[in-house]
2 protein chains.
Amino acid sequence: MINDRFKDMLNEKSVIRSISERASARKREIGADHVFDFSIGNPNVACPSQFTDAMLDLYSTEPPHALHGYSPSTGILSVRQAMADSLNRRFGMDYEAMHLFPTSGATGALAHAFRAVTKPGDEIVTFAPFFPEYQPYVEGTGATLTVVPPDTERFQIDFDAFERTLNPKVAAVLINTPNNPSGTVYSAETLEALADMLRAKQREFGHDIFLISDEPYREIVFDGAEQPYPARFYDNTLTCYSFSKSLSLPGERIGYVAVNPRATDADLLVPMFAQISRTIGHNCPSSSMQLAVARVLDDTSDLSIYETNMNIIYDALVDLGFTVQRPGGTFYIFPKALEEDANAFARKAMDYDLYMVPSDSFGMPGYLRISYCLETDQVRRGAERLREFVTEVYGG
Amino acid sequence: MINDRFKDMLNEKSVIRSISERASARKREIGADHVFDFSIGNPNVACPSQFTDAMLDLYSTEPPHALHGYSPSTGILSVRQAMADSLNRRFGMDYEAMHLFPTSGATGALAHAFRAVTKPGDEIVTFAPFFPEYQPYVEGTGATLTVVPPDTERFQIDFDAFERTLNPKVAAVLINTPNNPSGTVYSAETLEALADMLRAKQREFGHDIFLISDEPYREIVFDGAEQPYPARFYDNTLTCYSFSKSLSLPGERIGYVAVNPRATDADLLVPMFAQISRTIGHNCPSSSMQLAVARVLDDTSDLSIYETNMNIIYDALVDLGFTVQRPGGTFYIFPKALEEDANAFARKAMDYDLYMVPSDSFGMPGYLRISYCLETDQVRRGAERLREFVTEVYGG
């Protein structure tokens, strides 16, 4: 008996994916050089050579049984210790190996974090604009995703709107900084105010509220700035991470959850994650991949291209009269469309071979997500094409 | 608010794991050579050199972006085609790439198969003795696992008991051949009778009943025999596979679901699997691992050691008067304990540094699972130790 719920999901195709498929079709038609595909967030820089060297060394020197044998369901101990050490060194935390849980990317990390600290029927609160996949990720647990309307001024948090949303059914708050799609980096002030609000509401409601911090873009920050580390501001924090962006390994599905040692039941959460794995078809991420990333935890790909590209697009958008916030990080920028219906805008742009994602599914209609993980020359020519499009269609 | 369901699971520790932990502790005490750890099914032969060579070649020659970039959520097309070709060649099937879905091991394969063809409240039927992890795997979907009592004679299927179990709420039947823990290989006669029964019940109940065939031990068969391919007998079959045993890669989490092209909605099932992934925190297995196994689909590790070891243990057990079925495959054997309570038997054996798993959690009390993926010399000395134990304690 085919499950109708999943059959019905086939009709709710991801907007990002369907625009990217149209872009790919067009590339086959007229050549990739002539299509400006700003739709998908697929890292375009190589992984660091240190990673490749680490893996080649492991394959050449480790006995196959040590490299490919079962990992404990909580992850390989030496890998967890190395992850803890790296976070402690970089962010002044005091994680032990027991607080780290290697996962299959951030998707796997969130799947475990959500299930550990919420139960079916609970609410998980997030902030618009947000990554559309949060919706199925949360629905899959039986909890519901509640969305706080955006602060359209600076894309930080509208605390009045946030406070109105909070109620005793809220078990977790999900943040994503640097943010997909807006590129916003939450400031220390925002994180401090968020922590204050959560502590007050924990007292008021008489139960824990966990902060689940999704941080795959943590290392892609601009202007020499840094992303303040959210777990430093709030004890009940589960930090979800992926090496997809920092090491350009999106296909390898490797990341972790880090449990703040000061969280409620901090010692139980990782063993609980291992139990959750048994119910959702996980086990652990690839053993060789765990061992390889453990050797390059403080390295990244050359991420500077994203800032170079951002500046080109940002300057072009400002010049063309777009309302747009300068991104603090990620490889996205999020301008307001030049007409109310961003879908109409995106459709017209396709006539100029410009592919951008309208923002409706990000919980904030009227905007566009432009992903600039492309060669810089392609971005430069794309900005020129955007100028043509805007001038001809909107008389910019 | 910590989820009590997963917190409670911490108290239901896996028997296999806790015995294996005791064996490991004892090894640290007296040295690994003196402990006979028959508890865990962890392949002890190296992966084939073809696999290592394939991966080294990929890392040395493929551009990082092609090797580590996002895989489509249904898997890499060339990999799916290669998997289909290999199955068609070996088992006379007619899979196309669209019927193959790469997964994170058999655990991931089962998680997708269960959810696609059952809904919460449905029943999934399996046969004792069975792999204890089926319980949390099925419960995690909201369906319930119903267990058919064993055919203790030959460990095939007791069809009278099976028919009594079948009712309109049964949406799927789960088989595991070659079987963990009994080592039984289902014969063509068994599979034919099973298919006949399922076809009759589909007509009677007026809905599909899917056969979910869990086949990680498919290539470990003895006496020059072959495991008949279950999907050849029944159209509505989802074949779940893992390379953990055939290629000795249990830590790498790589496998697949193959949808019989003649199954109901065969064309929809793989796209549905990709939707299911979004709700349980998957994405796809490691991209480089997909590409590497695709190059060695018809290869295996040197699996002959398992047959050598089986014969040593089987002969010793028979000689000592155990009631035991000669395994047709796997790296397990499943004798009846020499007293009614297999837990008591296993506890007493530990005084002789023999570690075996009592069978209660396999749905069939009174037996022992002996896993013989060890060096042959260790198995030989373990058989001697077993003789001492049985003679001294049971006057064998």
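In the predicted model, Asp223(B) is partly exposed, with a relative accessible area of 49%. This residue belongs to the loop that runs between β6 (210-214) and β7 (237-242) of chain B. Arg253(A) is placed in the loop between β7 (237-242) and β8 (255-259) of chain A. With a relative accessibility of 5%, Arg253(A) counts as buried, whereas Asp223(B) is partly exposed.

In chain A, Ala128(A) and Pro129(A) are joined by a cis peptide bond with an omega of about -5°. Pro129(A) is located in the loop connecting β3 (123-127) with α7 (134-139) of chain A. In chain B, a cis peptide bond links Ala128(B) to Pro129(B), with omega about -5°. The loop that holds Pro129(B) is the one between β3 (123-127) and α7 (134-139) of chain B.

The surroundings of Tyr186(A) were examined next. Tyr186(A) is situated in the loop between β5 (170-176) and α9 (188-205) of chain A, and its relative accessibility of 5% classes it as buried. When neighbours within four places in sequence are left aside, the residues in contact with Tyr186(A) are Phe127(A), Phe155(A), Gln156(A), Ile157(A), Ile175(A), Thr177(A), Leu191(A), Gln227(A) and Pro228(A). Gln202(A) is 16 residues from Tyr186(A) in sequence, and the two C-alpha atoms are 22 Å apart in space.

With regard to the annotated region, the unreviewed UniProt entry places the feature "domain: Aminotransferase class I/classII large" at residues 34-386 of chain A. In the model, this span is 38% helix and 14% strand.

In chain B, an open sheet of three strands is found, with the order β9-β12-β11 and antiparallel pairing. The edges of this sheet are formed by β9 (332-333) and β11 (357-358) of chain B; each has a single partner strand, so one side of each is left without a neighbour in the sheet. Strand β11(B) is joined by two bridges to β12 (residues 368-371) of chain B, and these strands run antiparallel. Within this pairing, Pro358(B) has Leu368(B) of β12(B) as its bridge partner.

The relation between the chains was then considered. Chain A is superposed on chain B by a rotation of 180° with 0.0 Å of shift along its axis, at an RMSD of 0.0 Å. This is the relation of a two-fold axis. Within chain A, the C-alpha nearest the axis belongs to Ile280(A), at 2.9 Å from it.

At the interface, 77 residues of chain A are in contact with 78 residues of chain B. The area buried between the two chains is about 6,100 Å², and carbon and sulfur atoms give 59% of this area. Met1(A), Tyr70(A) and Arg278(A) supply 15% of the area that chain A buries against chain B, more than any other three residues. Of the interface residues of chain A, 100% are also interface residues in chain B, so the copies meet through the same surface.

Cys284(A) is buried, at a relative accessible area of 9%. In the case of Cys47(B), the closest cysteine sulfur is in Cys373(B), and the separation of 16 Å is likewise too far for a bond. Cys47(B) counts as buried, with 6% relative accessibility.

Note on methods
Residues numbered from 1 in each chain as written. Chains lettered and ligands numbered in written order. Predicted model: local features only at pLDDT ≥ 70, side-chain atom pairs only at ≥ 80, totals over all residues. Heavy atoms only, no water. Pairing = 2+ DSSP bridges. Helix = DSSP H or I, 4+ residues; strand = E, 2+ residues; numbered from the N terminus. Least-squares fit on C-alpha atoms with pLDDT ≥ 70 in both. Contact = heavy atoms within 4.5 Å. UniProt positions renumbered as here; feature names shortened; annotations may be inferred. Buried < 20%, exposed > 50% of the residue type's maximum accessible area, 1.4 Å probe, protein only. Disulfide = S-S within 2.5 Å. Buried area = accessible area lost by both parts, 1.4 Å probe.
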